[in-house]
Amino acid sequence: MHRRHHSSHDVVLETKGLTKIFGGLTAVNEVDLKVHKHEILSLIGPNGAGKTTVFNVVSGIYKPEAGKVIFNGKDITGRKPHRIVASGIARTFQNIRLFPDMTCLENVMAGQHCRGTAGLFPSIFKTPAQRREERRIRETAERRLGQVNLGRVRDELARNIAYGSQRMLEIARALASNPDLLVLDEPSSGLNPRETEDLMVFLKALIEEDDVTILLIEHDMNVVMGISDWVVVLDGGRKIAEGLPEDIYSNDQVIEAYLGKDDEEEEAHGAAAEH
Amino acid sequence: MEQALSPEKKSFLKSQPLVVSVFVAAFIVYPFLVSDYFIDIAFFFGIYALLGLSLNIVLGEVGLFDLGHAGFYAIGAYTTAILNTKFGIPILVLIPISALAAALFAYIVFSPVIHLQGDYLLIVTLGMGEIIRQALINNPFDLTGGPNGVFGIDFPKIGEYFVCDSSIEYYFLIWAIVGLSIVGLKSLQNSRIGRAWNYIREDEVAANANGIDSRSYKLLAFVLGAGLAGIAGNVYACKLMVVSPESFTFWESCLMFCIVLIGGMGSIPGVLIGAAFISLFPEIFRPFAMYRMLIFGSAMILMMMFRPGGAWPRKRGAVAFRSLLEGTGRTDA
């Protein structure tokens, strides 16, 4: 297995022996992950492999039964989701979760919430500090909205914009918190090939422009192969392989996990792309 | 320029300052033109408007079902009644105290249960409202006077110079409070707190995952809503000079619920329309008084079917935010 060109001190996110149990089902079983700075790490695996559960534990929605989540050197295991966002991890959801009856701009402003401090009385009396902060929140949100090319729909309700735009809006909202780590759950799902292409270019550029690191769940093998620096494969809650995309692509164990033994490689692509 | 960009989104209130001024002027002139009877109707319109605004924070902004809001109203009214009759504390001083009492009560009761979702929380609020009413009837520590209530509540006054003892003064007292509340709530709507409430209403999981501490904000909504209801209770108590448990039944909570749903969740003009409907309708249609509940019920059903956003739904978009790109750069849109 190839080594990545990073030294160990620039690890952004690390999970150690992460385990999450639902009733009798071990959804995530002692998973170790290391995400390095400025890297795009893809988490892949068949349905039910535990990928989204890993995301939910990392972002604080679930508490793990065992193991640790270490972010920028700090143990954030079991912290509340809003505190995890404040510490610098922002996420999106597999089934887009926007605030449908609010405008696109308001949606993106949500990301800036944790960077504001105005309390009840400053908000009621609109103190100068509160006005400045509101202005900054709005400017950041508008910039993020522009970054995903949605400036023109800023005042539209989120429910009314196209599906592909909703995906990008969710990413803009996550970016609005100025995160160090962006956690994207199947960002290309439901996008057409052209939108997917744009997304890949966008994410690549983001690493440079915004000093972020990206952790990704992805089913589209073209995306995985196209942009990942490192790929981790989960199956049945366990990590079964990790490596460079091209190595994973031809890894027998991975193909087996997706399709069972002795299947054609072409089908492997097809099945993977379908999800 | 804005108009050219999105004419359909222009706020009615902003585009029609004349209409708004006429309304405000009419409100000021109104009590000088009509009899005390009609002034009192407008007074109760004001009480319901304040109660509607208070429930609107919880139900409209955050989307939490609260069918026990009359409980907070009762706490405000009884705090005023008891402290005024037993200790002679002036009514006006008791306004913030009543608000704090109701708010503190909401904080204590809802802290442990605020994580409950939808109908589960609804059941808690329902129970809370009834427990408060039953407690008042049972006359704990000989404070609440049982079913008869507390009477002999003073007029609001500042020393001896100003005594609020006529219908017209009460009318201005309640509408001044409603007016101030509207101004404050309007700023809140366009602040990070108001948005956080709306994010929670729209999708609580997404709100949490975007850095909103939903627990604190839900609790804040209850505390603030209870505080406003407590103020309404204060004014109600000094207007009637007597408070008794029968004024704070489940039916009152239902009326507040109707106000918000009929008017439009999260919409301040909507709440005023809803409150007008609830308080003026029974007066105008006296002969149909028997059918009041039937009519309110039907109105709610029809509203849900044909106009789920309410009579005057809150408008979003260009109204709330003027673009920085358009060079206005002001947050107080």
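Two residues are in contact here if their C-beta atoms, placed from the backbone, lie within 7 Å. By that rule, B:Leu50 is in contact with B:Ile174, B:Ile177, B:Val178, B:Ser181, B:Leu228, B:Ile231 and B:Ala232, leaving aside its neighbours within four places in sequence. The model is predicted.

**Nonpolar core**
- The largest nonpolar core has 168 residues, and B:Leu50 and B:Ile174 touch the most other members.
- Helix α11 (residues 214-240) of chain B gives the largest share of this core, 15 residues.
- Domain 1 (1-88 + 179-275) and domain 2 (101-177) of chain A both contribute residues to this core, so it lies between them.
- In soluble globular proteins, nonpolar side chains tend to be buried together.

**Domains of chain A**
- Chain A is assigned domain 1, made of 1-88 + 179-275, and domain 2, made of 101-177.
- The C-alpha centres of these two domains of chain A lie 27 Å apart.
- Their contact takes 11 residues from domain 1 of chain A and 8 residues from domain 2 of chain A.
- On the domain 1 side, α2, β7 (181-185) and α7 (193-210) of chain A are the elements that give two or more residues, and α2(A) gives the most, with 3 residues.
- By class, that domain 1 side has 7 nonpolar, 2 polar and 2 charged residues.

**Contact between chains A and B**
- Chain A supplies 38 residues to the contact and chain B supplies 30 residues.
- On the side of chain A that touches chain B, α2 (81-87), α3 (104-112), α4 (120-125) and α5 (128-147) of chain A each supply at least two residues.
- The largest share of that side, 7 residues, comes from α5(A).
- The side of chain A that touches chain B has 17 nonpolar, 8 polar and 13 charged residues.

**Helix α3(A)**
- In α3(A), 9 of the 9 residues are buried, so this helix is largely enclosed by the rest of the structure.
- The buried residues of α3(A) include A:Cys104, A:Glu106, A:Met109 and A:Gln112.
- Elements from both chains cover them, including β6 (89-91), α5 and α6 (163-175) of chain A together with α9 (192-202) of chain B.

**Residue A:Leu41**
- A:Leu41 lies in strand β3 (residues 40-44) of chain A.
- A:Leu41 counts as buried because it has 22 C-beta neighbours inside 10 Å, where the cut-off is 20 or more.
- Beyond its neighbours within four places in sequence, A:Leu41 is in contact with A:Val35, A:Leu215, A:Leu216, A:Ser228, A:Asp229, A:Trp230 and A:Val232.
- A:Leu41 and A:Asp229 are 188 residues apart along the chain, and their C-alpha atoms are separated by 5.9 Å.

Methods. Residues numbered from 1 in each chain as written. Chains lettered and ligands numbered in written order. Predicted model: local features only at pLDDT ≥ 70, side-chain atom pairs only at ≥ 80, totals over all residues. Helix = DSSP H or I, 4+ residues; strand = E, 2+ residues; numbered from the N terminus. Nonpolar A, V, L, I, M, F, W, Y, C, P; charged D, E, K, R; others polar. Buried ≥ 20, exposed ≤ 12 C-beta atoms within 10 Å, placed from the backbone. Core = buried A, V, L, I, M, F, W, Y, C linked by C-beta atoms within 7 Å. Domains from an automatic or database assignment.
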